[in-house]
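Good morning, colleagues. Please keep the sequence and the model in view as I speak.

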Amino acid sequence: MNATTNRHVVAWGKHNCAILLLSSSGVLDAEGELSLELALDAASESNCIKQVTWLPEVSAGTLVVSTLTFIKIFDVCGATPLTPTHSYVLSYEASHIQNVAFVPANTEGVTGVAGVAGV
């Protein structure tokens with residue numbers, strides 16, 4: 001659940017990620033579900049979603065999805081909620097992302113990837 005909006009709930013599995021929209025009464029909204037464009041090959045068992053995290057410090061609808069090979073950042077409250085605003089892809093096929101951490105905004109308001117642990 002996005003603690004900032006109390007309207008967005010993220011649900012994900014191995015290859016898919018969706019945002020469920022709730023009404024003010026907490027019921028699934030008529031708008032329903034937003035399925036994010038991840039471009040994961042569902043037939044490939046080698047790449048899967050590792051972590052999905054809300055970043056309320058950046059904006060109310062910022063969501064980060066990390067897999068073994070890429071990190072995508074979405075603004076689900078923006079004009080194009082299904083398309084990532086930023087995408088970081090590993091250039092080495094032998095390496096995999098295991099964990100991602102973000103640094104809160106500094107005095108200039110910049111937030112970024114603090115560290116990516118990989119194998």
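Predicted model: local features only at pLDDT ≥ 70, side-chain atom pairs only at ≥ 80, totals over all residues.

The protein chain contains 0 helices and 9 strands, where helices (H or I, at least four residues) and strands (E, at least two) are DSSP runs numbered from the N terminus. Read from the N terminus, the order of elements is therefore β-β-β-β-β-β-β-β-β. Residues are numbered from 1 along each chain as its sequence is written, and side-chain values use heavy atoms, with hydrogens and water left out.

Let me give the totals for the chain. Of the 119 residues in the protein chain, 33% are buried; buried means under 20% relative accessible area, exposed over 50%, and partly exposed in between, with a 1.4 Å probe and protein chains only. The protein chain exposes about 6900 Å², of which carbon and sulfur atoms supply 56%; accessible areas come from the Shrake-Rupley method with a 1.4 Å probe, and for residues only the protein chains shown count as cover. Contact means heavy atoms within 4.5 Å. Among contacts between residues at least 6 apart in sequence, 35% join residues at least 24 apart.

I turn to the interior. In soluble globular proteins, nonpolar side chains tend to be buried together. A nonpolar core is a set of buried Ala, Val, Leu, Ile, Met, Phe, Trp, Tyr and Cys residues joined through side-chain atoms within 4.5 Å. Which residues have the most contacts inside the largest nonpolar core? They are C17, I19, L36, L38, L63 and V65, in a core of 15 residues. At least two residues of this core come from each of β2 (17–22), β4 (49–54), β5 (62–67) and β6 (70–75). Apart from this core lies another, of 6 residues, with I71, I73, I97 and V100 among them.

Within the largest core, consider L36. Not counting residues up to four places away in sequence, L36 touches C17, I19, L63, V65, F74, V76, P81 and L82. One of these partners, C17, counts as buried because its relative accessibility is 3%.

Two further buried residues deserve attention. T62 lies in strand β5 and is buried, with a relative accessible area of 7%. Leaving aside neighbours within four places in sequence, T62 is in contact with T53, W54, L55, I73 and F74. H8 belongs to strand β1, residues 8–12, and is buried at 5% relative accessible area. With residues up to four places away in sequence again not counted, H8 touches M1, N2, I19, L20, L21, W54, V76 and C77.

Next, specific side-chain features. How many disulfides does a search of the whole structure find? The search finds 0, a disulfide being a pair of cysteine sulfur atoms within 2.5 Å. A search for aromatic pairs likewise finds 0; rings of Phe, Tyr and Trp (its six-membered ring) pair if their centres lie within 6.5 Å. The charged end of K72, however, sits over the ring of F70, 4.6 Å from its centre. For that description, NZ of Lys or CZ of Arg must be within 6 Å of the ring centre and within 35 degrees of the ring normal.

Q51, in strand β4, is partly exposed at 23% relative accessible area. Leaving aside neighbours within four places in sequence, Q51 is in contact with V64, V65, S66, N99 and V100. Q51 and T67 are 16 residues apart in sequence and 6.9 Å apart in space, C-alpha to C-alpha. In the loop between β2 and β3 (28–35) we find S24, which is exposed at 86% relative accessibility. The C-alpha atoms of S24 and R7, 17 residues apart along the chain, are separated by 7.3 Å. The loop between β7 (86–89) and β8 (97–103) holds S95, partly exposed at 24% relative accessibility. Between the C-alpha atoms of S95 and L68, 27 residues apart along the chain, the separation is 8.3 Å.

Methods. Phe/Tyr/Trp six-rings, centres within 6.5 Å; stacked < 30°, edge-to-face > 60°.
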